[in-house]
Amino acid sequence: MTDELRAAPVPPASRLKGAARSLLVPVLAVVSALMIGAIIIVLSDLTFFQRLGADPGAALADALGSVWTAYGALVTGALGSPGTYLDAFASGDSGQIAAAFNPLSETLLAATPLIFTGLAVALGFQCGLFNIGAEGQLYLGAATATFVGFAVTGLPWYIHLPLAAAAGFAGGAIWGFIPGILKARTGAHEVIVTIMLNYTAFRLIEFILKFPGYQREGRFDPISKVTEATAWYPPLIEGLRANWGFVLGLAAALAVSWLLFRTTKGFEFRAVGFNPTAARYAGMSIAASTVMAMMISGGLAGLAGTSIVLGITRSLTSGISPGFGFDGIAIALMARSRPRGIIFAALLFGALRAGATPMQSATGIPIDLVVVVQALVIMFVAAPALVRGIYRIRVPEATGYEVFSKGWGA
Amino acid sequence: MRLELRGITKRFPGVIANQDVDLVVEPGEIHALLGENGAGKTTLMNVLYGLYQPDEGEIRIDDRVVTFHDPGQAIAAGIGMVHQHFMLVPVFTVTENVMLGVESVRGPLGQLDRPTARRRIIEISEAHNLKVDPDATVEDLPVGVRQRVEIIKTLYRRSDLLVLDEPTAVLTPQEDEELFEIMRSLKASGTSIVFITHKLNEVLEIADRITVLRRGRVVGTTTPAEATRESLASMMVGRPVELIVEKTPAHPGVPVLEIHGLVVRDDRGHVAVDGLDLQVRAGEIVAIAGVQGNGQTELVDAITGLRHPVAGTIRFGGTAVRMEPRPIFEAGVAHVPEDRLEDGCVPGLTVADNLVLNTYCRAPFSHGIRLDRDAIERSATELVANFDIRTPSVFVDIGDLSGGNQQKVIVAREFSRPVRLLVAAQPTRGLDVGSVEYIHRRIVAKRDEGAAVLFVSTELDEVLALADRIAVMYQGRIVDIVEPARATPQLLGMLMGGSLPLESAAPAGASPAVAGGPAT
Amino acid sequence: MAIAAAPDGIVDRAALRRQRIFGIFYLLLAALAAFVLASGIAPDANSTFVLKPAGSKTGLDIPNLVVPSVVTLYVVAAVCAFLGAVQLIRGFGSRWVVILGVAVTLFVFGFLTWAAVDKSMSLIGILQLTVLKGLPITFGALSGILCERSGVVNIAIEGMLLAGAFTGAVVGSGTGNIVLGFVAAGFVGAALGALLAVLTIRYRMDQIVAGTVINIFSGGITGFVYSRVLQAHRELNEPARFPQIPIPVLSDIPIIGPMFFSGNLFLYLLFILIGLIHYGLFYTRWGLRVRAVGEHPRAADTVGINVVLTRYRNVILGGIVAGVGGAYFTLGSTGSFVQDMTAGRGFIGLAAMIFGAWTPIGAFLASLVFGFADALQARLSILNIALPSEFLQMAPYLATIVVVAGLVGRVRAPAADGRPYEKE
C-alpha cells in the first residue's frame with residue numbers, strides 16, 4: 001500500500017511543501033464536486049428544460065440564481081451569516097450573540113460523529129482493513145450507551161458520563177470484533193462481513209427499540225427510554241447545542257495519532273497493513289493486529305453513536321445516523337488516514353451536513369444532494385490521478401498506484 | 001531469419017536500460033546474450049518482442065525495418081519468446097495454454113476446437129522430442145516440463161527466432177543437457193536462437209557467438225573459441241573478477257541446529273519435506289543445494305517458524321523452542337528471506353522502521369507500549385554507516401531504495417545482533433556482482449565469529465565457493481552431504497536430479513545421510 | 001516443539017479440527033430439533049404443507065403433504081445425530097459438502113414442520129418466492145462473474161442494481177413503455193460499469209474504493225431525484241410491470257413447474273444468460289481469453305491479448321447485466337421505486353458468486369439458497385411464530401456471513417482478481 005491512502009511520518013524539512021501539495025488535490029476535489037453538484041441542482045429542476053426552450057437567457061440566469069441561493073443557504077447554514085453576527089455583536093445581548101453562532105455550533109455538532117467514524121475507518125486502512133461497517137458499529141455503540149444512560153441511576157455525572165461513553169465504545173468494539181476475528185481465523189473478507197453486519201445491526205436495533213424494558217413507556221413507536229441527565233455531554237456554551245463531545249473527538253484524534261506512530265501496537269498495525277508477509281516474518285501476529293485494529297475501529301465508531309445519543313438526541317431511535325459511517329470513508333480517504341487531516345475533513349463534511357437542512361428548507365433541494373457531493377469528493381480524492389488529469393497538474397515524482405485490497409483470497 | 005538490432009536505446013525514469021545496442025543474429029545461429037543482473041538483457045529482448053518501444057534505433061528482419069507495437073506483431077513476424085518466469089496460466093491445460101491467442105475455432109460463436117490443437121501439439125512434440133501430455137493441467141507439471149510447454153508454444157506459432165530468457169535457472173545440469181540437445185535440434189531445422197544467461201559455462205558450451213552487455217551497452221561480441229571464463233567475466237563486470245571467495249578453513253564447533261525426521265506440507269497439502277535430517281554446527285557454513293521446488297522453501301519456513309511441521313523435531317542449541325517467528329528470533333536465529341520485497345522488508349515504512357522491524361518491541365527501542373523514536377533513529381544512522389547502505393536519509397521510504405540497498409538493510413538488521421544461527425535463502429539472487437561479493441564476505445565473517453550458517457541456493461557456483469559442507473536436497477530429503485573438495489558440478493547435478501553415482505558412499509564424519517534417493 | 005508422528009501416517013491438524021466442528025454442529029442441530037423444537041407439541045399434531053399453488057387451475061392435482069409434527073422432528077434429530085456421530089468418529093472424506101447440505105436441509109425441514117404445527121403452510125409458495133427472491137441475487141452474481149473472471153472486483157453491483165431499478169421505473173413510467181425502461185436500465189448499468197472500469201483501469205483507483213464510491217453515488221442520486229422529483233410527480237414512478245408468462249406444458253410439472261416456468265421475462269432471460277455465460281466462458285475463444293486475463297494477465301499480454309480492452313468490455317457487460325437485473329425490482333416485481341430498495345442484494349450476489357465458485361450455474365444454485373432465507377423471513381413473519389420478525393429478517397445477511405467465512409480458501413478466485421495490471 002503506497003502513500004496515496006496512508007502517509008508515513010515526514011521529516012520536518014519538506015513538511016511545508018508537502019503540506020501545500022497535499023492540500024491541492026483535496027481542495028480541487030471539493031471544488032469539482034461542488035461544481036457537479038451545481039449542475040445536478042440545475043438539471044433536476046424539471047421546469048428548467050421548458051424555460052430553456054422558451055427563453056434561454058432568463059432560464060440560465062434563473063438557474064445560476066438558484067444555485068447561488070442554494071449554496072448560499074448551505075454556507076450560512078453551516079457558518080452563519082455576516083449580517084447576523086454584526087447585529088448580534090452590536091446589540092451586546094449574550095443571548096443574541098449565542099444565537100448568531102448557532103450555525104457554527106450545528107457544524108461542530110455534525111462534525112463530532114464524523115471525527116469518530118473517520119478515525120475508525122482510517123485506523124482500519126492503516127492496518128490494511130476496509131471497515132465499511134462503521135455505520136452498524138455506530139448503532140451498536142449508541143444502543144449500549146443509551147442503555148447505561150437510562151438504566152443506571154443515582155450516579156454523579158463524572159462517573160455516569162464516562163461509564164456511558166465506555167459502554168458505547170464497548171458496544172462498537174464488539175461489533176468490530178466479529179469481522180476482525182472472522183478475517184483473522186477464516187480469512188473472510190471484511191468488506192462483505194461488515195456490510196452484512198450493518199444490515200443485521202439495523203434489524204437488531206429495531207428489535208431492541210420495541211423490547212419492553214428498553215422501549216419508552218407509553219410509546220408504540222420504536223424509541224428508547226430517555227437517558228439520565230447525568231449522562232449527557234455538557235454543552236460548550238449555554239444556549240448552543242455544540243457540546244464537549246467535539247473536544248472528546250479532538251482528544252480521540254490525538255490518541256489515535258499517538259497509537260499509530262508512537263506505540264509498538266501502532267507500529268505493528270502499520271507494518272501488517274503495508275506488508276503482512278514481511279510482518280509475519282518479523283514475528284508479528286497478523287491475527288492479533290487484525291482483531292485489535294477492528295475492535296478499536298469499531299469502538300471509535302461506537303463513540304460516534306454515543307456522541308449522538310448522549311449529546312444530541314438524548315435517546316435512541318432507528319434514524320439517528322444519516323450515513324455517518326459511510327461519510328467516515330470519505331473523510332478517511334480525504335485525510336489519507338492521518339488523524340490530523342481527519343479533523344479538518346470532518347469539519348468540512350460537518351459543515352456540508354449542517355448547511356444541508358437549512359438549504360432544504362430555503363430552496364427545497366433535498367439533503368441527498370450532499371450525499372452526492374460527498375460521493376463525488378470521495379471519487380476525486382481516491383483517484384488523485386483523475387483530478388490531476390482534469391486540471392492538468394504535473395507531478396514531479398512518479399506516484400505509485402493506490403491498491404490495498406487484493407480480491408477475496410485469504 | 002536474419003535479425004539485426006541497430007542502435008537500440010531504451011530509457012526509463014532515472015535509468016538508461018539499453019544504450020545504442022547493436023546485435024546481429026544470423027539464420028540458424030545460437031547467439032548468447034551475456035551479462036550480469038541488471039545489464040539490460042531482458043529489457044532488450046522485451047523491446048524486440050514488442051512489449052516496449054525503443055526510444056531510438058531500429059529492428060531489421062531479413063534487412064527490412066520492422067516495428068512491433070505489441071507482442072502479437074512480433075509473434076506474427078516469427079519471433080517467439082520463452083520468458084524467465086513462465087507465462088503459463090496455471091489452471092489451464094497444456095493445450096489451452098499453447099493455443100491461447102491463436103486458438104483454433106469453429107462455428108459461429110467462436111467455439112474452441114481443442115482436438116485440432118491437440119493434434120498439432122502432439123506433432124510438434126514428437127518432431128522435436130519435447131514430451132508433454134496435452135491434457136495435463138499446467139500447475140501439476142514440474143518445472144522442466146513447463147519449460148517444454150513454453151517452447152512448444154513458440155513452435156506452434158511457427159517461430160523462426162526463439163528467445164530463451166535464463167532457461168537453465170530452474171534446471172539440473174542433466175536437464176540443461178537435454179535443453180541443449182533440443183536447442184541443437186532446433187538449430188538444425190533452421191531456427192535461430194537468442195539465449196540470455198549470466199552463466200559462463202553454458203555460454204562456452206552451446207553458443208555460436210556471444211554478445212556481452214554491461215550497464216546497458218554492448219561491451220563486445222566474441223566466440224567460444226576466442227573467449228575464456230575469465231575474459232567473459234571481466235567483460236561482464238568491467239574489472240578482473242575473483243571467481244572464488246576468500247575464506248579460511250572452517251573450525252566447526254557444537255551443533256547449533258539439529259533436525260530429525262522433519263515432515264512439512266506445502267501450501268497445496270502435498271508433502272514437501274519428507275523425513276529430513278540435518279545438523280549445522282557453530283562456525284561452519286552448510287549450503288543446501290538443489291533445484292527449486294524440492295522442499296527447500298518449506299524447510300526454511302519450518303526452521304524459521306513460519307510453517308508448522310507435521311512431524312519431526314527441530315532443536316536450537318540442544319533445546320526445543322516454541323516454533324513461532326518471535327521466539328525463534330529471540331533464540332538467536334537470523335533470517336534473510338528469499339524474496340526481499342515480499343518478505344524481508346516493508347515498503348511504506350522508513351529505512352529506520354525497517355531496521356527495527358523485529359526488535360522494536362524490546363528496549364531500547366520501546367518501553368512498554370511506547371516507542372522511543374530517538375533511539376530508533378540513532379541506531380539506524382549507525383547501521384547505515386556500518387553497512388554502507390546508500391540512502392539519502394534514514395527517513396526515506398525503503399521502497400525507494402535499489403534492490404541491493406534493500407538487501408543491505410535486511411542484512412544490516414539481521415547481522416547486527418549476536419546471532420547463533422543464520423538462515424539465508426537465495427541471498428544473492430538478482431543482485432549485481434558487487435553486492436554479491438559483499439554479501440558473501442559478510443556471511444563468511446559471521447561464520448568466523450562463531451555463528452552457524454545455513455544457506456539455500458540454486459547457483460552451483462555460489463554453493464561451491466561458499467560452503468564448508470554441501471547438503472543436496474531432492475524431493476524433500478537430503479540425499480547426500482558432500483565436502484567441497486569432492487564436489488564437482490557433475491556429481492552435484494546427479495544428486496540434485498535424484499540419481500546417485502555408482503561410487504558414492506556417505507562421507508565419513510558427516511551426519512547420517514538419508515540413504516538412497518530414488519532414481520528417477 | 002516436537003510433534004510425534006502418528007505411527008500409521010501423518011496427522012493433519014486442520015482437517016481434524018474441521019471434522020470435529022462439523023460433528024458437533026450436526027449434534028447441535030439434532031439437539032435443537034429434538035429438545036427445543038419438538039417440546040410442547042401435542043403428540044397428535046400435524047403439519048400441513050400445500051404443494052399446489054393456490055388458484056392454479058391446470059395441471060395435476062397434488063395433494064398436500066401432511067406429516068406428524070413430533071415424529072418428523074424426532075426423525076430429523078435422529079438422522080442429524082447419526083451424521084454427527086459418524087462425522088466425529090470417521091469423517092466423510094471428500095463428500096463432506098454433500099453431508100453438510102443434507103443435514104442443513106433436514107434441519108430446515110424440521111424447522112418448517114415446527115412453524116407449521118396445527119397450521120397449513122404453503123410450501124410451494126415459499127419455493128416460488130425462493131426463486132423470485134433469488135432472481136436479482138443471481139443477476140448480481142452473474143455481473144460479478146463477468147467482471148471478476150477478467151480480474152476486476154465489482155463491489156458496485158449494489159449501486160448498479162439500484163440505478164437499474166430506478167431507471168427502469170422512471171423511464172418505464174415516463175415513456176409508458178416498459179421495454180424502453182428495460183433497455184434504459186441496461187444503458188445506465190453499462191454507464192456505471194464504464195465508470196468503474198475507467199476509475200480502476202485508467203486511473204488505477206483501488207477497485208473496492210471505486211465500487212464503494214459508485215454505490216454511495218448511486219444511492220445519493222436516486223435518493224435525491226426521488227425526493228426532489230418523484231414525490232411531487234408520482235406519475236413518473238408508476239410503471240406497468242412485465243406480465244407473467246407461464247410456459248405451456250413445462251409449467252404444469254409438479255413443484256418444478258410453478259417454481260421455474262411460470263415467471264416473467266426476467267426469469268427466462270436469466271436462464272438464457274446463465275446458459276450463454278456458461279457456454280461462453282468455458283467453450284469459446286472469448287471465454288478462454290477472458291479467463292486468461294483474469295488468471296494471469298501478463299501471460300495473456302505476451303501472447304497478444306489486449307488485457308485492458310478485455311477488462312473494459314467485461315466490466316461494461318457486467319454493468320449491463322446488473323442494470324437489467326436491477327430493473328427486475330421495479331418492472332418485474334413491485335412497480336414503484338423506493339429509496340434503497342435493493343437492501344444489500346448486490347452484496348449477497350457477490351457472496352453467491354463466491355459460493356458458486358465463480359461459475360454461472362453454481363451462482364444460481366447459491367442464490368437460491370440465499371433466496372430461500374429471504375423467502376422464509378418474508379413468509380414466516382406472516383405465520384406469526386415465536387421468533388421475532390426482525391431476527392428472521394437477519395437471516396439472509398447472517399447466511400451470507402456464514403458462507404463467506406466458511407468458504408474462503410476452499411474455492412479459488414481468478415488468480416489476478418483485484419489487482420490492477422501494469423505493463424512492466
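Ala287(B) stands opposite Phe455(B), a residue of S22(B). In this predicted model, that pair belongs to the parallel pairing of strand S15 (residues 285-289) with strand S22 (residues 452-457) of chain B, which runs over five bridges.

- Six strands of chain B make up an open sheet with mixed pairing, in the order S18-S21-S22-S15-S23-S24.
- At its edges lie strand S18 (333-336) and strand S24 (477-482) of chain B, each of which pairs on one side only.
- On average, and with direction ignored, neighbouring strands of this sheet are turned by 20 degrees against each other.
- Helix H9 (residues 296-303) of chain B packs on the sheet, where it touches S15, strand S21 (421-425), S22 and strand S23 (469-474) of chain B. The direction of H9 in chain B makes about 150 degrees with that of S21(B).
- Helix H17 (residues 489-496) of chain B also packs on the sheet. This helix touches S15, S23 and S24 of chain B, and its direction makes about 35 degrees with that of S23(B).

**A hairpin and the nonpolar core**

- Strand S13 (residues 255-265) and strand S14 (residues 271-281) of chain B pair in the antiparallel sense, with eight bridges.
- Leu257(B) has Val280(B) of S14(B) as its bridge partner.
- The two strands, S13(B) and S14(B), form a hairpin with five residues between them. In the turn, Gly269(B) has a positive phi of about 95 degrees.
- The largest nonpolar core has 421 residues, and Leu421(B) and Val472(B) are those with the most contacts inside it.
- Neighbours within four places in sequence aside, the contacts of Leu421(B) include Val256(B), Leu257(B) and Val280(B). Also among them are Phe316(B), Gly332(B), Val333(B), Ala451(B), Ala452(B) and Leu454(B).

**A buried strand in chain B**

- Strand S10 (residues 192-197) of chain B is mostly covered, with six of its six residues buried.
- From S10(B), Ser192(B), Val194(B) and Ile196(B) point one way, while Ile193(B), Phe195(B) and Thr197(B) point the other way.
- Strand S3 (residues 30-34) of chain B pairs with S10(B) in the parallel sense over five bridges. Within S10(B), Phe195(B) stands opposite Ala32(B).
- Strand S9 (residues 161-165) of chain B likewise pairs with S10(B) in the parallel sense over five bridges. Leu161(B) has Ser192(B) in S10(B) as its bridge partner.
- From S9(B) the chain crosses through helix H6 (residues 173-188) of chain B to S10(B), in a β-α-β crossover that is right-handed.

**A three-stranded sheet in chain C**

- Chain C has an open sheet of three strands in the order S2-S1-S3, with mixed pairing.
- Strand S2 (65-68) and strand S3 (120-122) of chain C stand at the edges with a single partner strand each, so one side of each is left without a neighbour in the sheet.
- Neighbouring strands of this sheet are turned by 25 degrees against each other on average, direction ignored.
- Strand S1 (residues 46-50) of chain C runs parallel to S3(C) and is joined to it by three bridges. Val50(C) has Ser122(C) in S3(C) as its bridge partner.
- Helix H2 (residues 69-89) of chain C packs on the sheet and touches S1 and S2 of chain C. Its direction makes about 75 degrees with that of S2(C).

- Chain A has 17 helices and zero strands.
- Of the 410 residues in chain A, 53% are buried.
- The contact between chain A and chain C takes 45 residues from chain A and 46 residues from chain C.
- H9(A) gives the most to the side of chain A that touches chain C, with 11 residues.
- By class, that side of chain A has 32 nonpolar, eight polar and five charged residues.
- The contact between chain B and chain A takes 27 residues from chain B and 21 residues from chain A.
- On the side of chain B that touches chain A, helix H10 (325-330), helix H11 (340-344) and strand S20 (370-371) of chain B give two or more residues.
- This side of chain B has 15 nonpolar, seven polar and five charged residues.

Methods. Residues numbered from 1 in each chain as written. Chains lettered and ligands numbered in written order. Predicted model: local features only at pLDDT ≥ 70, side-chain atom pairs only at ≥ 80, totals over all residues. Contact = placed C-beta atoms within 7 Å. Helix = DSSP H or I, 4+ residues; strand = E, 2+ residues; numbered from the N terminus. Nonpolar A, V, L, I, M, F, W, Y, C, P; charged D, E, K, R; others polar. Buried ≥ 20, exposed ≤ 12 C-beta atoms within 10 Å, placed from the backbone. Pairing = 2+ DSSP bridges. Right-handed = clockwise from strand over helix to strand, strands pointing away. Axes fitted to C-alpha atoms, helices over the stretch in contact; angles between N-to-C directions. Core = buried A, V, L, I, M, F, W, Y, C linked by C-beta atoms within 7 Å.
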